[in-house]
Every structure is written in structure tokens, then in C-alpha cells.
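I set out to look up the fold, the strand pairing and a few loop residues in this model. The entries below keep to that order.

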Amino acid sequence: MEAQTPTVQCYERNNQFIFSCEECGKRHYHGTGEGHRISHCDVEGAYPNGYYLKLSALEQLKSYSATSSGHPETQQRDRR
Ligand SMILES: [Zn+2]
């Protein structure tokens with residue numbers, strides 16, 4: 001297999017899985033549930049096979065998103 005399908009660490013909010021994309025620098029929003037998704041990237045050639053969503057701990061993503069955006073959003077623990 002030439003191209004691989006990467007796994008991205010995402011978090012859940014408002015019944016969506018969200019992650020900060022390293023390819024385009026934006027956040028992508030998907031429906032909840034880990035698994036394969038089609039890329040939402042605007043960048044050409046980014047994730048040609050899409051990616052796998054993997055739910056990650058909020059604490060990890062807080063520092064992760066803070067480094068890229070410098071504007072961490074308010075964390076809410078409303079997971080069921
Ligand atoms: Zn992207």
C-alpha cells in the first residue's frame with residue numbers, strides 16, 4: 001500500500017468529534033464515533049485517503065491546541 005491513512009486525535013464537544021488539523025491548520029468537525037472519515041481539508045493532497053478519528057483525553061488536547069492556536073477554548077466536561 002502506498003498511501004497510509006493516518007489517525008488523528010480528536011475530542012468530543014456538542015455531539016461532534018473535533019480535531020486541529022496539522023495539514024491545513026483548521027479544525028475539522030465530524031459526527032461522533034471513532035473510525036474512518038473523509039478529509040475535510042482544503043489543502044490539496046492532504047489526507048488523500050481521509051483519516052481515522054480517535055478520541056483523546058481532553059487534558060492532552062488542551063495543551064495540544066494551545067500550542068497551535070494560542071487560544072484554547074473553554075473546556076467543558078459534559079461527556080456521558
Ligand atoms: Zn485539514
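The entries that follow record what I looked up.

**Entry 1: basis.** I note that this is a predicted model, in which local features need pLDDT of at least 70, side-chain atom pairs count only at pLDDT 80 or more, and totals for chains, interfaces and linings use all residues. I number residues from 1 along each chain as its sequence is written.

**Entry 2: overall composition.** I took helices (H or I, at least four residues) and strands (E, at least two) as DSSP runs, numbered from the N terminus. Read from the N terminus on, the elements run β-β-β-β-β-α. I then checked burial: buried residues make up 14% of the 80 residues in the protein. A residue is buried if 20 or more other C-beta atoms lie within 10 Å of its own, exposed if 12 or fewer, and partly exposed in between, with C-beta atoms placed from the backbone. Of the contacts with a separation of 6 or more, 38% are accounted for by residues 24 or more positions apart. Contact here is a pair of residues whose C-beta atoms, placed from the backbone, lie within 7 Å.

**Entry 3: the sheet.** In what order do the five strands of the open sheet lie? I read the order as β3-β2-β1-β5-β4, with mixed pairing. The edge strands, β3 (27-31) and β4 (35-37), each pair on one side only. On average, neighbouring strands of this sheet are turned by 40° against each other, direction ignored. For such angles, axes are lines fitted to C-alpha atoms, for helices over the stretch in contact, and the angles run from 0 to 180 degrees between N-to-C directions. I counted two strands as paired if DSSP finds at least two bridges between them.

**Entry 4: pairing by strand.** I recall that strands of a sheet pair through backbone hydrogen bonds, either parallel or antiparallel.
- Strand β1 (residues 7-13) and strand β5 (residues 51-55) run parallel and are joined by four bridges. Q9 has K54 of β5 as its bridge partner, and C10 has L55 of β5.
- Strands β4 and β5 pair in the antiparallel sense over three bridges. I found H36 opposite Y52 in β5.
- Strands β2 and β3 run antiparallel and are joined by five bridges. The bridge partner of Q16 in β3 is G31.
- The hairpin of β2 and β3 has six residues between the strands, and G25 in this hairpin takes a positive phi near 80°.

Entry 5: Most residues other than glycine have a negative phi, and most peptide bonds are trans. N15 lies in the loop between β1 and β2 (16-20). Is N15 buried or exposed? N15 counts as exposed, because it has 9 C-beta neighbours inside 10 Å. Y47 is not a glycine either, yet has a positive phi of about 50°. Y47 is found in the loop between β4 and β5. Y47 is buried, because 21 other C-beta atoms lie within 10 Å.

**Entry 6: G33.** I located G33 in the loop between β3 and β4. G33 counts as exposed because it has 10 C-beta neighbours inside 10 Å. The C-alpha atoms of G33 and E12 are separated by 9.3 Å, and these residues are 21 residues apart along the chain.

Terms used. Contact = placed C-beta atoms within 7 Å.
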